[in-house]
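Dear colleague,

I am handing over the structure below, and I would be glad if you kept it open while you read the notes that follow it.

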Number of protein chains: 2
Amino acid sequence: MALDWLLAAPLPPAVPRQRLLYQRLRDAILCGRIAAGTRLPASRRLAAELGIARNSVMFAYEQLVAEACLVADRHGTRVAALPALAADSGRTHDRTLPGLSQRAAAAMQPEVGRDAETLPFAPGVPDLAGFPFRSWRASLDRAWREASTRQLGHTPYGGEPALRAALAGQLSTVRGFAVKPEQIVITGGTQSGLDLCARLLADSGDTAWVENPGYLAARAALNLAGLKVHAVAVDGEGLAPGEGDWQAHPPRLIMVTPSHQYPTGQVMSLARRLTLIERARAEGAWIIEDDYDSEFRRGGPALPAIYGVQHDAPVVYAGTFSKTLYPGLRIGYLVLPSAVADDFVRAAGQATRPGQGIEQAALADFIRRGHYTTHLRRMRKRYALRQRALRAALAAHPGAEVRVSGGEAGLHLVLWLPQERADVEVEARANRLGLGVRALSRYAQAPVRCNGLVLGYGNIDEAQIDGLVRRLRQAMAV
Amino acid sequence: MALDWLLAAPLPPAVPRQRLLYQRLRDAILCGRIAAGTRLPASRRLAAELGIARNSVMFAYEQLVAEACLVADRHGTRVAALPALAADSGRTHDRTLPGLSQRAAAAMQPEVGRDAETLPFAPGVPDLAGFPFRSWRASLDRAWREASTRQLGHTPYGGEPALRAALAGQLSTVRGFAVKPEQIVITGGTQSGLDLCARLLADSGDTAWVENPGYLAARAALNLAGLKVHAVAVDGEGLAPGEGDWQAHPPRLIMVTPSHQYPTGQVMSLARRLTLIERARAEGAWIIEDDYDSEFRRGGPALPAIYGVQHDAPVVYAGTFSKTLYPGLRIGYLVLPSAVADDFVRAAGQATRPGQGIEQAALADFIRRGHYTTHLRRMRKRYALRQRALRAALAAHPGAEVRVSGGEAGLHLVLWLPQERADVEVEARANRLGLGVRALSRYAQAPVRCNGLVLGYGNIDEAQIDGLVRRLRQAMAV
């Protein structure tokens, strides 16, 4: 029986040479190309036929006997009786697979900006070069030195106790919250926090409201949790639901960014916040307050968070260290009303099996020693300078008829474009010039129309701003 | 106007003393207890009335003006016109909130074993004291020293390239997989990987099969993703679906643990694996192969993973470092058929916004330098010794009529109990003695009945085994 085809090209990728015969022989047996009961040549003979070492043949035979694909007896080696797979494995690549779910397809965002995080105007990227490596690594080292075997396991429900305590203190000082550590759940960042809210507070088929224009990743989390997403317009005071929204699309979840609406930068008025709480309570809806970037406020004191306005209002507050420290850290948190905290904490712990206890202990240490506050203060000044420089450059360059908004908090501005300059086209040209801007219209859903650019300034060098704005003007000129 | 009630007890928790007046005054204004338009006393007068420093009153007034709760004009300070919140905030604790979702309630597991991870027989806990702190920290240090600002951001889709490459190599050597790094998605551990499969490969209302008895956390992930869970019995060859299962509950996902069925320890036969692939393909279903604990196999070579049997079969392979390194690490992975890898990788990247680039680089370094293989070899020997000692102790003690199974791979044995000893009762007694065992019946759903105990031996000290088994016998005696 000739078996020389076993080692014929094309060779599969990444298979170590010595395993090639084993792999090919197994494929041939499993797909039925060598029939059950077939006797194989003695290892010496097959090695000679194929021109390979006898050891390779013996390895293949022994392994396949162990896997029950071959049977060895006193007459030699034969192929075992197995259900054959339908087709030759060499041709399987064109067989169709079930594919991804419809919700995965719906949640998939446009590819633009995939690698844009490293580009100068990329939104949502903090000053990575300003990250306090030394003090952070010192906190990490301490946490590892003091690590208990308990911290190598899953964290207790809700996260590492030291971090929950440090955060409760931080939120009291900065946000005026009177929260106990037990009301805090440490998450894997904002996206993971929104995902937990979507799954633990709403069922498949429930309606979730998002801001229009709004944060795209929030929509993805809601879609993937099986929720119906309804986009509600934003006006000068923030989310502006009409009676039609409440009647035709009664929400279970209402996602808002009141401190600094994403992406327009609008601050939600206090009156609007109070109305939203009352109405949400009456309708049995949860408000999810994504307080992203509130740490980087400029000017006077912040409006109270929706969460802080009233004890036990139906509000979950979501925060993150992605922009105050670094995005890859993947530590964020949710703050819950005390009445549901225990249940939510327990469900979240079972949904995600949380860990990273040592990193969380390091972060608690970093906060307790004051490094976090120091870093925030430094960054706040730096971002204020950058924003001022960017606004000045945008105003100074010829063709400065454009309107700039946002920037009361956060790390980005919105540059509104005249209707005749389609923002997606400007985006494409700007990104060919290596700028990393994002078109505002990508964040909107009909009937809302937006035309502009989101310009992140967290990670740019002031010295380069003039040159970057010159390139931006170039992209805006037709 | 007397305002002395503002500082009456009870004092809210965690509010700094100097902010107390501010907080109470804000609550009173927002809930309408002090009406819109009301003039407040001058700061000096209020300070005298309350017996506090005038600065505290001024702080409160200024902050509340900034928040638009108060209006300051030349006549003094008055309460702004705001929509009042419905009730006195002091009484809000008994108002009802919307509560958790139905799926969260359904996914909630019994509290037993919540803190059991630190107890000797806790299933699924590896030898934490044997963790190679020194070489791991050296890899972490190197990764931090060499960290690029890119690695502080989100990782590229699929995870840190160095780790995907190292894993492809590892899987080729250990599992015989011919996979490219592009087919691998780094996840936040098995639970996060199963959750991704549930959301990206199935839609709300689709049916997912689980093994019966089976891994409880898998059910939780499926429930939370809005899937219908159908439990399929396991026999001596592994998952044993009848024609009725296929007809009445056609699956979109089939979750299996073929290397070492959880919790019974059964190995799925090759014939059963091949049949499952063929049938899943015909029905348009995905097989999710959770290959947990296959690293700790004893005896001969492993059966091929279902994933490796055929190129581009509808199989996703899930692995984790939780038990080979430590549970809190939160790094696992999925391996995908090449035909869907690109789409899945992109959808997963958008669903989770992955990070931990530096930890992933450290793990790649740890694998490349051979520390991972060395550690696995050491642990494999150690776990084999522990298992042997545990089996010997179980056999030696009086009343040894019980049957022990499992242990061909992994970190636990199953001790089957006679029907007259209800396992949940033995569990309760054993855990009162600090043992941390789990009742087998907790993993089963009707009509399957199991009665026994799952005994983890990953994290116990051989010297203590005799004493522990003596306590276990005590719990089993009526």
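**Strand pairing and the A–B interface**

In chain A, strand S6 (residues 228–235) and strand S7 are paired in the antiparallel sense over two bridges, where strands count as paired if DSSP finds at least two bridges between them, and where strands (E, at least two residues) and helices (H or I, at least four residues) are DSSP runs numbered from the N terminus. Within this pairing, A:Val234 stands opposite A:Leu239 of S7(A).

Please bear in mind that this is a predicted model, in which local features need pLDDT of at least 70 and side-chain atom pairs count only at pLDDT 80 or more, while totals for chains, interfaces and linings use all residues. Residues are numbered from 1 along each chain as its sequence is written, chains are lettered from A and ligands numbered from 1 in the order in which they are written, and side-chain values use heavy atoms, with hydrogens and water left out.

S6 and S7 belong to an open sheet of eight strands in chain A, with mixed pairing and the order S4-S11-S10-S9-S8-S5-S6-S7. Its edge strands are S4 (184–187) and S7 (238–239), each of which pairs on one side only.

Strand S10 (residues 315–320) of chain A is mostly covered, as six of its six residues are buried, meaning under 20% relative accessible area with a 1.4 Å probe and protein chains only. A:Val315, A:Tyr317 and A:Gly319 point one way from this strand, and A:Val316, A:Ala318 and A:Thr320 the other way. Four bridges join S10(A) to S9(A) in a parallel run, with A:Val315 as the bridge partner of A:Ile287; four bridges also join S10(A) to S11(A), here antiparallel, with A:Gly332 as the partner of A:Thr320.

Turning to the interface, 119 residues of chain A are in contact (heavy atoms within 4.5 Å) with 119 residues of chain B. The two chains bury about 10,400 Å² between them, 57% of it on carbon and sulfur atoms, buried area being the accessible area (1.4 Å probe) that two parts lose on being put together, summed over both. On the chain A side, A:Leu97, A:Trp144 and A:Leu152 lose the most area to chain B, together 7% of what that side buries.

Four salt bridges are found across this interface, each being a side-chain nitrogen of Lys or Arg within 4 Å of a carboxyl oxygen of Asp or Glu. One of the salt bridges joins A:Arg137 to B:Asp141, with the closest N and O atoms 3.6 Å apart.

With best regards

Definitions and conventions
Buried < 20%, exposed > 50% of the residue type's maximum accessible area, 1.4 Å probe, protein only.
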